[in-house]
Amino acid sequence: MDKTTRLTLAANLAAGRQQKNVSIEDIERIGISKSRYYRYINGEVDITVADLHKLLELLSMSFSEALYHTVEEADIIQNREISVLIHLRSFTIVDMAKLAIDGQTMDAKTFWQRPVDCKLMLSR
């Protein structure tokens with residue numbers, strides 16, 4: 001992940017924490033120290049995948065929501081990524097894992113309304 005993307009992710013996590021009134025004490029309860037959290041938000045250190053996962057769960061955010069500015073932007077980019085994969089007709093384990101993670105935030109109706117993307121991947 002490049003520096004700009006890391007900083008965007010950190011800023012969106014901080015904004016999500018404030019919007020959802022999640023306290024620093026809540027973050028400390030999931031095992032991330034106050035100093036580590038602020039050093040990450042300020043771009044001084046990276047975050048581990050495990051800590052990122054804990055933060056996303058605490059904030060009830062998907063990775064796509066945290067990475068992009070809005071849910072709508074996340075959906076647009078996610079649909080574009082899936083369209084590219086369909087065109088290539090090639091999926092890596094990471095691509096499938098991402099779809100599995102993103103799919104957790106969708107209900108069945110939303111999942112099946114997507115253009116051929118999910119259905120094609122499942123039919124392989």
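Which helix holds Arg17? In this predicted model, Arg17 belongs to helix 1, which covers residues 3-19.

The secondary structure of the protein consists of 9 helices and 0 strands, so read from the N terminus the order of elements is α-α-α-α-α-α-α-α-α.

The interior can be followed through its nonpolar residues. In soluble globular proteins, nonpolar side chains tend to be buried together. Here the largest nonpolar core has 19 residues, and the members touching the most others are Leu9, Leu13, Ile27 and Tyr37. At least two residues of this core come from each of helix 1, helix 2 (24-29), helix 3 (34-41), helix 4 (49-59) and helix 5 (63-67).

Back to Arg17. Setting aside neighbours within four places in sequence, Arg17 is in contact with Val22, Ser23, Ile24, Ile27, Tyr37, Tyr38 and Leu59. Two of these partners, Ile27 and Tyr37, were named above among the core residues that touch the most other members.

Is Arg17 itself buried or exposed? Arg17 is buried, yet has no salt bridge. The nearest side chain of opposite charge is that of Glu25, at 7.2 Å, whereas a salt bridge requires a side-chain nitrogen of Lys or Arg within 4 Å of a carboxyl oxygen of Asp or Glu.

Definitions and conventions
Residues are numbered from 1 along each chain as its sequence is written. This is a predicted model: local features need pLDDT of at least 70, side-chain atom pairs count only at pLDDT 80 or more; totals for chains, interfaces and linings use all residues. Side-chain values use heavy atoms; hydrogens and water are left out. Helices (H or I, at least four residues) and strands (E, at least two) are DSSP runs, numbered from the N terminus. Buried means under 20% relative accessible area, exposed over 50%, partly exposed in between (1.4 Å probe, protein chains only). Lys and Arg count as positive and Asp and Glu as negative; His and the chain ends are not counted. Contact means heavy atoms within 4.5 Å. A nonpolar core is a set of buried Ala, Val, Leu, Ile, Met, Phe, Trp, Tyr and Cys residues joined through side-chain atoms within 4.5 Å.
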